[in-house]
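Please look through the sequence and the model before going on.

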Amino acid sequence: MKQKKNETGQSLVEKINKTLDISPEALPGGTLISISGRQSIKVEGRVKILLYSPDKIVLALGKETLTVIGKRLLCSAYHGKDITLEGYIYLVSFEGDTV
Amino acid sequence: MQNPIIFLFGYNTITADLSYAAKILNLCGFYGIPYRNQSCNNDKISLECSLFGTARLLRLCRKNGIDVISVTPHGLPHLIFSYRRRYGLLIGLILATALVFLSGRVLWDVRIDGEVRLSEKEVIDELRACGLYVGMPLDKIDADVIQNRVMIYSDDVSWISINLSGTVAHVEIRESTKLPEEEKSPSVANLVAAKDGKIAGFEEVRGDITVKIGDFVREGDLLVSGIRDSKTLGFTYTAAEGKVFAEVVDEYEVDIPLEYEKKEYLGNAYCEKYIVFFGKEIKIYSNIKKKTESCDIIDTVEYANVLSLGELPFGIRTVRYIPYEFKTAKRSENEAIDLAFYKLRLIEEEKGICDILKKELSGEFLGGAYKLRSKTTSQKNIARQVEIEING
């Protein structure tokens, strides 16, 4: 959804979230990312694997990408809209600009 | 340790190049194909899928141009498929299942306790006659009825208890006590001579002795009378008893032929083998080409005994047939003489000849045989009690 930005740089979605105190992942296109220590990341939402290797996994989250760098990375579960990555995680980074 | 459910339904390990990893995982995620144990090794990705999931995934891989390196099957369906031509295994599995099912429904063992005079085999035979035997169905065992039958029909058992524990019948018995039969002694009797002889002595005699030492008596002669004429009180009666020793002459003759029929085994033995299972027999082997009439038969049954748990109700019965024939053989003169003396000794032991006073032996070869004659003078008790009836 093309978001209109106000003068403060906040999008309409962000303004609604803040006013009504709704979790962002509850809205369409939302993604929930849970990190458990350095061993596991669970991504719930529309997600697709762009790149997979034991050292680097790149996931597409709509217009953004999530990069996980680590060691012995595995995709232990992937069904529907949920994906679980396991291994030894060094770095988790987001790329892409929706703001 | 592998999940038994997963092993039961089977699974495949799919291996592909690491460059296809993202595509394969996306296919699994998008189409909802569950997988497990995903791993990376040497630029290869592998994951495990169910049989149905494998078929779907392979179809999608072919459609999307993904080359799968290998598909390795695992689990019970693969195991059964790989042994599909081994019909014996299937038959064995069915038989084993049937045996396990049936074995808990029949009586395996009968254990006896409390027997003193009776042997275990005799008790088991009695129980069999009354309806309890190894191999019978457990639901047909009525312990009360069998107990009553045994006590009614058996003279040797005064009490019995039958308890079923699983597939074993524990039988406890108490044998009946037999009173010794009272010997009916006559009220009036004489002692007469059982053999001809010369009187040598008397021992513990009751009655009137009618002979004296040195007298020659014949068989049936009165030795000790049970009737006494007291002249003043009339006749008195008693049961004469005691021992009257006499010198007795016994003559024996032993005839040993020099030619005789000797049993010779032909050297080839035949056998039949049976599997004995709960009293039933199935022949499994036989190498008898033709039955010979003259043969010794050795029949043995060996029951399985595992870990000293006692005899199990199945085993192997072996019947061996050893054919023989009679052939004429000759013995030497010395052998004939030795055999004659041996047989004479056996006769003397059988007749109970002891206290030998004199023995005369003579032997000769006559008509193709060795004849040994023995004339033995010995001292023995010749008294025989004879009951007499008194009228009035």
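Predicted model: local features only at pLDDT ≥ 70, side-chain atom pairs only at ≥ 80, totals over all residues.

Q: How many helices and strands does chain B have?

A: Helices (H or I, at least four residues) and strands (E, at least two) are DSSP runs, numbered from the N terminus. In chain B there are eight helices and 23 strands.

Q: What share of chain B is buried?

A: A residue is buried under 20% relative accessible area, exposed over 50%, and partly exposed in between (1.4 Å probe, protein chains only). Of the 392 residues in chain B, 31% are buried. A contact means heavy atoms within 4.5 Å, and among contacts in chain B between residues at least 6 apart in sequence, 66% join residues at least 24 apart.

Q: How should I read a helix, and which residues of H3(B) are buried?

A: An α-helix has 3.6 residues a turn, so residues three or four places apart point the same way. Helix H3 of chain B (residues 51–63) has 13 residues and reaches 19 Å from its first C-alpha to its last, close to the expected 18 Å, where the expected span is 1.5 Å times one less than the number of residues. Its buried residues are B:Gly53, B:Thr54, B:Leu57, B:Leu60 and B:Cys61. Seen down the axis of H3(B), these fall within an arc of 135 degrees, so they line one face of the helix; the arc is that of the directions from the helix axis to the C-beta atoms.

Q: What do the buried residues of H3(B) pack against, and what does the face turned away from them carry?

A: The buried residues of H3(B) pack against strand E1 (11–17), helix H2 (21–31), strand E3 (44–50) and strand E4 (68–74) of chain B. The face turned away from the buried side carries the exposed residues B:Phe52, B:Arg62 and B:Lys63. Just after H3(B), B:Gly65 takes a positive phi of about 70 degrees.

Q: Is B:Glu272 buried or exposed, and which side chains does B:Glu272 join in polar contacts?

A: B:Glu272 lies in strand E17 (residues 270–277) of chain B and counts as buried, at 5% relative accessibility. A polar contact is a pair of N or O atoms within 3.5 Å; within protein, one must be able to donate a hydrogen and the other to accept it, and residues adjacent in sequence count only if both atoms are side-chain atoms. The side chain of B:Glu272 has a polar contact of 2.9 Å with that of B:Tyr274 and another of 3.3 Å with that of B:Tyr321.

Q: Where is B:Gln147 found, and what is in contact with B:Gln147?

A: B:Gln147 is found in helix H7 (residues 143–153) of chain B and is buried, with a relative accessible area of 15%. Leaving aside neighbours within four places in sequence, B:Gln147 is in contact with B:Ile160, B:Ser161 and B:Ile162.

Q: How many salt bridges are there over all chains, and what does the one between B:Lys330 and B:Glu259 tie together?

A: Side chains of opposite charge can pair when their charged atoms come close. A salt bridge is a side-chain nitrogen of Lys or Arg within 4 Å of a carboxyl oxygen of Asp or Glu, and the whole structure has 24 of them over all chains. B:Lys330 forms one with B:Glu259, the closest N and O atoms being 3.8 Å apart. B:Lys330 lies in strand E20 (residues 311–330) and B:Glu259 in strand E16 (residues 259–265) of chain B, so the pair ties together parts that are 71 residues apart in sequence. B:Lys330 is exposed at 67% relative accessibility, whereas B:Glu259 is partly exposed at 48%.

Q: What area is buried between chain A and chain B?

A: The size of an interface is often given as the accessible area lost when the parts come together. Buried area is the accessible area (1.4 Å probe) that two parts lose on being put together, summed over both. Between chain A and chain B it is about 970 Å², of which carbon and sulfur atoms give 58%. The count of salt bridges between these chains is zero, and five residue pairs are in polar contact across the interface (both at pLDDT 80 or more).

Technical notes:
Residues numbered from 1 in each chain as written. Chains lettered and ligands numbered in written order. Heavy atoms only, no water.
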